[in-house]
Amino acid sequence: MLDLPGQVPVFIVIDALDECPNNTGTPSAREKVLNFVEDLVLSKHSNLFICITSRPEQDIQSILNPLTSASRRVSLHEEGGQQDDINSYIRFFVQNDRAMRRWRVEDKELVINVLTKRANGM
């Protein structure tokens with residue numbers, strides 16, 4: 001399909017690549033997907049566009065980073081807005097949970113701060 005002349009753009013979206021198993025089989029399911037993506041990118045089809053979402057895991061970055069320039073990568077883990085959104089969500093939940101309403105303000109703040117920090121952008 002990609003090799004036919006005059007083809008319309010083809011968009012491939014792979015969401016949550018980091019959730020693809022990486023521990024069973026040789027190669028693992030994740031390695032197979034990464035190899036497939038690498039082959040597609042290296043084929044240099046002008047009508048192919050690929051979007052991949054994932055946590056920044058080492059094995060994924062080691063394959064994907066060389067395939068595209070840094071200017072074309074987006075990392076939400078480095079965005080302050082993501083942390084703010086996580087904090088807002090946790091704060092809303094803690095303030096509105098029926099059981100937590102009786103907690104001391106200091107305890108609520110401790111839970112909010114610890115969970116926001118340990119969420120690590122997720």
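User: Which side chains does a polar contact of 3.3 Å join here, and how is such a contact defined?

Analyst: A polar contact is a pair of N or O atoms within 3.5 Å, and within protein one atom must be able to donate a hydrogen and the other to accept it, while residues adjacent in sequence count only if both atoms are side-chain atoms. In this structure, the side chains of T116 and N87 are joined by such a contact at 3.3 Å. This is a predicted model, in which local features need pLDDT of at least 70 and side-chain atom pairs count only at pLDDT 80 or more, whereas totals for chains, interfaces and linings use all residues. Residues are numbered from 1 along each chain as its sequence is written, and side-chain values use heavy atoms, with hydrogens and water left out.

User: Where is T116 placed, and is T116 buried or exposed?

Analyst: Helices (H or I, at least four residues) and strands (E, at least two) are DSSP runs, numbered from the N terminus, and T116 belongs to helix α4, which covers residues 105–119. Buried means under 20% relative accessible area, exposed means over 50%, and partly exposed lies in between, with a 1.4 Å probe and protein chains only. T116, with a relative accessible area of 9%, is therefore buried. Contact means heavy atoms within 4.5 Å, and, leaving aside residues up to four places away in sequence, T116 touches Q83, I86, N87 and I90.

User: What does N47 touch, and where does N47 lie?

Analyst: N47 lies in the loop between α1 and β2, and its relative accessible area of 11% makes N47 buried. Not counting residues up to four places away in sequence, N47 touches L2, Q7, V8, P9 and V10.

User: In which sense do strands β1 and β2 pair?

Analyst: Two strands pair if DSSP finds at least two bridges between them. Strand β1 (residues 10–14) pairs with strand β2 (residues 48–52) in the parallel sense, over 5 bridges, and F11 stands opposite F49 in β2. Together with helix α1 (residues 29–42), β1 and β2 make a right-handed β-α-β unit; a crossover is right-handed if, with the strands pointing away from the viewer, the path from the first strand over the helix to the second runs clockwise.

User: How many salt bridges does the structure hold, and how should I read one?

Analyst: Side chains of opposite charge can pair when their charged atoms come close. A salt bridge is a side-chain nitrogen of Lys or Arg within 4 Å of a carboxyl oxygen of Asp or Glu, and the structure holds 6 salt bridges. One of them joins the side chains of R30 and E57, at 2.8 Å from N to O. R30 lies in helix α1 and E57 in the loop between β2 and α2, so this pair ties together parts that are 27 residues apart in sequence. R30 is buried, at 4% relative accessibility, whereas E57 is partly exposed, at 27%. A network of salt bridges links R30, E57 and D59.

User: Which residue forms a salt bridge with R91?

Analyst: R91 forms a salt bridge with E109, and the closest N and O atoms are 2.7 Å apart. This pair links distant parts of the chain, since R91 is in helix α3 (residues 80–96) and E109 is in helix α4, 18 residues apart. Both are partly exposed: R91 has a relative accessible area of 29%, and E109 has a relative accessibility of 27%. Another salt bridge is the one between the side chains of R104 and E106, at 3.8 Å from N to O, where R104 and E106 are exposed.

User: What is the count of disulfides, and how far from the sulfur of C20 is the nearest cysteine sulfur?

Analyst: A disulfide is a covalent bond between the sulfur atoms of two cysteines. By the rule that the two sulfur atoms must be within 2.5 Å, the count comes to 0 disulfides. C20 is in no disulfide, as the nearest cysteine sulfur, that of C51, is 16 Å away. C20 counts as buried, at 18% relative accessibility, and C51 is partly exposed, at 41%.
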